[in-house]
Amino acid sequence: MPERTYDVVIIGGGHNGLVCAAYLAQAGLTVKVLERRSIVGGAAVTEEFHPGFRNSVASYTVSLLNPKVIADLNLHAHGLRIVERPAQNFLPLPDGRYLLTGEGRTRSEIAKFSQADADRYEAFCQSLERIADVLRGLVLKAPPNVVKGLGLRGLRELLHLGMLGNQLRGLDLEAQRDLLDLFTRPAADVLSDWFESEPIKALLGFDAIVGNYASPFDPGTAYVLLHHAFGEVNGKKGVWGHAMGGMGAITQAMAKAAAARGVEIETDAEVTELAIERGRVAGVALASGQVIKARALAANVNLKLLYTELTPQDALPRDFLQRMERFKCASGTFRMSVALSELPSFTALPGHDAGAHHGAGIIIAPSLDYMDHAYRDARKEGWSRAPIIELLIPSTLDDSLAPPGAHVASLFCQHVAPNLPDGRSWDEVRDEVADLMIATVDAYAPGFAQSVIARQALSPLDLEREFGLVGGDIFHGALSANQLFFARPMLGYADYRGPIPGLYHCGSGAHPGGGVTGAPGHNAARAIVADLKRRSFSASP
Ligand SMILES: Cc1cc2nc3c(=O)[nH]c(=O)nc-3n(C[C@H](O)[C@H](O)[C@H](O)COP(=O)(O)OP(=O)(O)OC[C@H]3O[C@@H](n4cnc5c(N)ncnc54)[C@H](O)[C@@H]3O)c2cc1C
C-alpha cells in the first residue's frame with residue numbers, strides 16, 4: 001500500500017496544536033497531530049501526582065482562552081465547564097493586614113489602605129479595559145508582516161497595516177498614549193501613576209512579572225500586565241476562573257473536538273527531524289524511526305526548539321537561524337503541586353474552614369520592591385530567599401481533584417534563574433527550593449508545611465525536559481517588544497509562515513504569544529488553509 005501523505009502534520013499536541021488541527025480538519029484537510037508525551041495538552045494538562053490527588057501540572061488558571069475558539073470547537077459540548085473564582089485575589093501582608101479583591105468588594109478593600117486609590121480604581125480599570133479591548137480585537141488576526149519589496153504580498157501587507165492604523169485611530173489620543181505607555185513602560189511606573197498604596201500596586205503588579213523574568217521596574221513589564229488582562233470568563237472581562245477537572249479538561253475537550261472532525265492524534269510520537277525535499281517540507285521523522293509524510297507542517301513546539309534542534313540547519317537562511325538562536329526564552333518560574341490535609345489558615349485571615357479567600361489567587365509578594373529584590377536575588381544567587389508565590393487551591397471549587405476533606409494547591413513561584421549562576425544543575429537544588437517555597441507560604445499561614453502530604457516540584461529545567469519549554473519559558477519566548485506582534489517570532493515571519501515553504505508556526509511562539517488562548521492555533525490554521533487550498537486549486541486541471 002502506498003504511504004499516506006497528510007495535508008498537514010502538527011508537531012506537538014499542546015492546546016494550540018489541537019485547535020489548529022480542529023480548524024484544519026473542519027476546512028476539509030487531512031490532519032495528524034504528533035505528541036511526544038503520553039497525553040496531549042502540553043502545558044495545559046491535569047495529572048495525578050499522588051494517589052487520589054490530581055492537579056493542573058503547569059498552567060493552572062483560565063481567562064485568556066478565546067471565546068470564539070470555545071464556540072467554534074463547541075468545547076462546552078465536549079465537556080468543558082469553566083467557573084469563576086469566589087474572589088479574584090487575596091494578598092496577605094506580613095503585618096497581618098490583607099487585600100481581598102473581587103466582584104463587589106475591591107473598592108472597599110482598597111479603601112482600607114487608601115481612599116484615594118479606591119476612588120481611582122474604577123478609572124484605572126476602564127483605562128486598562130479600553131486598551132485590552134484593542135488587544136482583543138487583534139488576537140485573532142495575523143499581524144501585518146514585514147516583507148521585501150512592493151509586490152502583491154507587499155501591497156497586501158501595506159493594506160493590512162492601514163487597517164491596523166484605522167483600528168488604532170478609533171482610540172482617542174489619550175488612549176493611544178496609554179497604549180504606548182503599556183507597551184513600553186515599567187509596570188511599576190504605570191501603577192505608581194495611578195496608586196499610592198503598596199498592596200494594590202503589588203496585587204496588580206504581580207501580573208507584570210508572571211512568567212516574565214524581570215523586575216516590575218524594568219521597561220516593558222507593563223505589557224505583560226496587559227497581556228494578562230485581555231481574557232474573560234463566561235463573558236466577564238478581565239476575570240480569571242477554573243476549568244472543572246483542571247486545565248486538562250480544556251485540552252481533553254479540544255482533543256475530542258479535533259477527533260470528531262477527523263483529526264488523527266498520536267501520542268508517544270516524538271518528532272526528531274523535519275524532512276525537507278527540493279526546498280519544501282515533505283514530512284517528519286519520529287524517534288521510532290518512522291517517517292510521516294505531509295504537504296505541510298505546523299509547529300506547535302517552541303520555535304527555538306524547532307529551528308535549533310529539529311530542522312536541518314542547511315535548510316534555513318543563516319540570518320534567520322542566528323536570530324532564532326538569540327530568541328529569548330527564559331521565564332524563571334518554579335511550579336509546584338501539593339496535596340494538603342487541610343486548608344491553610346492565614347495569620348491575616350485565620351480559619352481552616354473554606355472562605356472566599358481560599359478560592360482566590362493568593363499572592364505572596366507584598367510590594368513591588370519585594371518583587372524587585374526577588375528578581376535581583378535570583379540573578380545573583382539563582383533564586384530569591386524571599387520568593388514570589390501565587391497559591392491557588394482549585395479543590396475549593398472542584399471536588400474531582402482531591403479526596404473528601406483534603407485539598408490540592410498549585411504554587412506558581414516567580415523569579416528563579418532559568419540557568420543557575422554558579423553552573424549547578426536544577427536537579428541538585430530542586431528539593432531545597434521546593435522546601436523554601438513551602439516555608440514561605442508557612443510564614444503567612446502557620447501549619448501549612450505540616451499539612452503537605454505530598455508534592456510535585458518542577459524547576460525551569462524540568463519544564464524544559466517535560467514539555468519542551470526552552471529555558472522553562474511559559475510563553476514560548478519572552479513577551480518583550482522585540483518579540484511581540486509583527487516581531488513574533490521575528491520581523492518578516494509574523495504571518496505564521498516559516499522560512500521553508502510548507503512550514504507554519506501554530507504555537508505560542510507566534511502572535512499573540514503565550515497563555516492558554518487558542519489564538520495562534522486559530523490564526524495559523526487560517527494561513528495554512530489559504531495556502532493549501534490555493535495550491536490545490538492551482539494544481540487542479
Ligand atoms: C508553569 C506554567 C504555568 C502557566 N500558567 C498559566 C495559566 O495559569 N494560565 C494561562 O493561560 N497560561 C499559563 N501558562 C502558559 C500556557 O500554559 C502556555 O503558554 C500554553 O499552554 C502553551 O500552549 P502551546 O499549545 O502553544 O504549547 P505547549 O503547551 O507547550 O505544547 C507544545 C507541545 O509540543 C510537544 N512537543 C515538544 N517537543 C516535541 C517533539 N519533538 N515532538 C512532538 N511533540 C513535541 C510538547 O510535549 C507539548 O505537548 C503557564 C505555563 C506554565 C509552563
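**Entry: D473**

I began with D473, which has its place in the loop between α16 (460-467) and β20 (503-505). I kept in mind from the start that this is a predicted model.

**Entry: the loop between α16 and β20**

I stayed with this loop and looked up F485, which also has its place between α16 and β20. F485 is not a glycine, although its phi is positive, at about 50 degrees. I wrote F485 down as buried because its relative accessible area is 18%, and buried means under 20%.

I next turned to P512, in the loop between β20 and α17 (519-539), where a cis peptide bond joins H511 and P512 with an omega of about 5 degrees. For D268, in the loop between β11 (264-266) and β12 (271-277), I noted a positive phi near 50 degrees in a residue other than glycine. D268 counts as exposed because its relative accessibility is 55%.

**Entry: the ligand**

Which residues are closest to the ligand? I found that 33 residues surround the ligand, and that the closest are E35, T61, I474, H476 and S508. By class, I recorded 15 nonpolar, 13 polar and 5 charged residues in this shell. I also noted that α1 (15-26) and α11 (303-310) each supply at least two residues of the shell.

I then went through contacts to oxygen atoms of the ligand. An N or O atom in the side chain of H476 is 2.8 Å from a ligand oxygen, a polar side-chain atom of H15 lies 3.1 Å from a ligand oxygen, and for Y60 a backbone N or O atom lies 3.1 Å from a ligand oxygen. Taken alone the ligand exposes 1000 Å², and the protein buries 97% of that.

**Entry: T440**

Last, I looked up T440 in helix α14 (residues 426-444). T440 counts as buried because its relative accessibility is 10%. T440 and I364 are 76 residues apart in sequence, while their C-alpha atoms are 8.3 Å apart in space.

Terms used. Residues are numbered from 1 along each chain as its sequence is written. This is a predicted model: local features need pLDDT of at least 70, side-chain atom pairs count only at pLDDT 80 or more; totals for chains, interfaces and linings use all residues. Side-chain values use heavy atoms; hydrogens and water are left out. A residue is near a molecule or strand if one of its heavy atoms lies within 4 Å of it. A polar contact is a pair of N or O atoms within 3.5 Å; within protein, one must be able to donate a hydrogen and the other to accept it, and residues adjacent in sequence count only if both atoms are side-chain atoms. Accessible areas come from the Shrake-Rupley method with a 1.4 Å probe; for residues, only the protein chains shown count as cover. Helices (H or I, at least four residues) and strands (E, at least two) are DSSP runs, numbered from the N terminus. Ala, Val, Leu, Ile, Met, Phe, Trp, Tyr, Cys and Pro count as nonpolar, Asp, Glu, Lys and Arg as charged, and the others, Gly among them, as polar. Buried means under 20% relative accessible area, exposed over 50%, partly exposed in between (1.4 Å probe, protein chains only).
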